[in-house]
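Try each task before you read its solution.

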Amino acid sequence: MNKTDRMLAIVLELQRNKVLRAEDLAAKFETSVRTIYRDIQALSEAGVSVIGAPGQGYSLMDGYFLPPVSFTVEEAVTLLIGTDFIEQWFDTDYSHKSRTSRRKIEVILPEPIRSEASRIRKSFRLFTLAEDIVRIQEKAYLEAIRRAILEERKVSFRYSKRIAEVDGNRQSVRTVAPYGLVFHQGAWVLIGHCELRQDIRHFRLSRMTELIDLEDQFKQPADFHLDVYQPSDDRNVTVGILVQPDIADKVRESNNFYLETIEDHTEGLLMTFRVRQPDELLHFVLGWGAGVVVLEPESFRQRVRTELEKTLKRY
């Protein structure tokens with residue numbers, strides 16, 4: 001990074017973080033503290049209102065702002081596509097703000113860049129399903145949960161698990177301290193501490209009903225960081241299936257969440273999955289009909305056979 005780029009980056013960092021020490025900036029830009037001192041001095045001489053507080057660090061004077069930032073065509077397209085994504089997948093409040101942001105970005109772009117960015121953007125499309133009742137409800141829940149996270153308030157909801165418990169029940173009422181939201185494989189997932197399970201759990205918003213925003217406050221643990229959080233992996237059951245060659249390409253493209261390995265064989269496609277319980281793959285296997293054969297475990301082979309016998313009786 002040359003001096004000019006580094007000085008601009010320093011101002012951006014000060015805008016973002018309010019107060020930073022010279023040591024913090026030196027580590028950020030992989031340079032010496034003495035170089036940062038010189039950069040700060042150059043910024044001050046150039047008219048940038050940098051304030052130095054002994055023992056605390058540097059900050060920008062209140063009210064200071066940068067002149068308009070220019071964008072390349074590629075940068076403009078990136079920002080505009082980002083607003084398209086937010087409009088489609090976030091809640092109503094952020095969808096509205098994304099449209100406002102898009103208009104502001106387009107206004108400040110020079111005409112040549114705006115025209116070229118528009119032309120390139122029209123060659124991309126973020127395809128989503130129609131706004132059905134489930135997705136409309138999911139967006140409403142997203143907004144409510146997002147606010148609950150920011151205000152550190154618990155939420156309560158009725159939840160439908162995909163796989164039934166031992167007693168056959170799939171429904172339960174949960175009270176959760178919401179820690180964060182994750183967008184995974186086209187679905188929003190709430191991560192939070194569940195009072196019923198007394199542990200961190202994951203909940204798909206599409207499986208929630210009767211969401212209630214409670215008044216009960218909570219304090220997020222200081223050691224929880226969503227950006228580095230890794231859920232414990234309790235998928236200990238291995239399932240192997242053989243896919244017939246005539247549908248191998250279709251099954252390969254299905255991109256199942258539990259898929260571990262894929263191997264090409266003369267008999268077809270050998271796929272290995274790791275699950276908590278085999279029933280998590282039951283509908284996936286049945287959906288391919290006779291084109292898929294379960295190799296292991298034997299108990300799952302019997303489970304598929306039993307389900308097929310039940311189906312046959314219905315017909």
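Two strands count as paired if DSSP finds at least two bridges between them. Keep in mind that this is a predicted model.

**Exercise 1.** Find out how strand 4 pairs with strand 5, and over how many bridges.

*Solution.* Start with strand 4 (residues 171-184) and look across to strand 5 (residues 187-194). The two run antiparallel, with eight bridges between them, and the cut-off for pairing is at least two. For one spot to check, go to glycine 180, which sits opposite isoleucine 191 in strand 5.

**Exercise 2.** Which residue of strand 4 is the bridge partner of phenylalanine 157?

*Solution.* Strand 3 (residues 153-160) runs antiparallel to strand 4, and six bridges join them. Step along to phenylalanine 157 and look across: its partner is arginine 174.

**Exercise 3.** Classify the ring pair of phenylalanine 257 and tyrosine 258, then say how buried each residue is.

*Solution.* The whole structure holds 15 aromatic pairs. In this one the ring centres are 5.2 Å apart and the planes meet at 80°, so call it edge-to-face. Next, accessibility: buried means under 20% and exposed over 50%. Phenylalanine 257 has 42%, so it is partly exposed. Tyrosine 258 comes out at 9%, so it is buried.

Now try the pair of phenylalanine 284 and tryptophan 288: with 6.3 Å between centres and 75° between planes, this pair is edge-to-face. Phenylalanine 284, at 15%, is buried, whereas tryptophan 288, at 24%, is partly exposed.

Technical notes:
Residues numbered from 1 in each chain as written. Predicted model: local features only at pLDDT ≥ 70, side-chain atom pairs only at ≥ 80, totals over all residues. Heavy atoms only, no water. Helix = DSSP H or I, 4+ residues; strand = E, 2+ residues; numbered from the N terminus. Phe/Tyr/Trp six-rings, centres within 6.5 Å; stacked < 30°, edge-to-face > 60°. Buried < 20%, exposed > 50% of the residue type's maximum accessible area, 1.4 Å probe, protein only.
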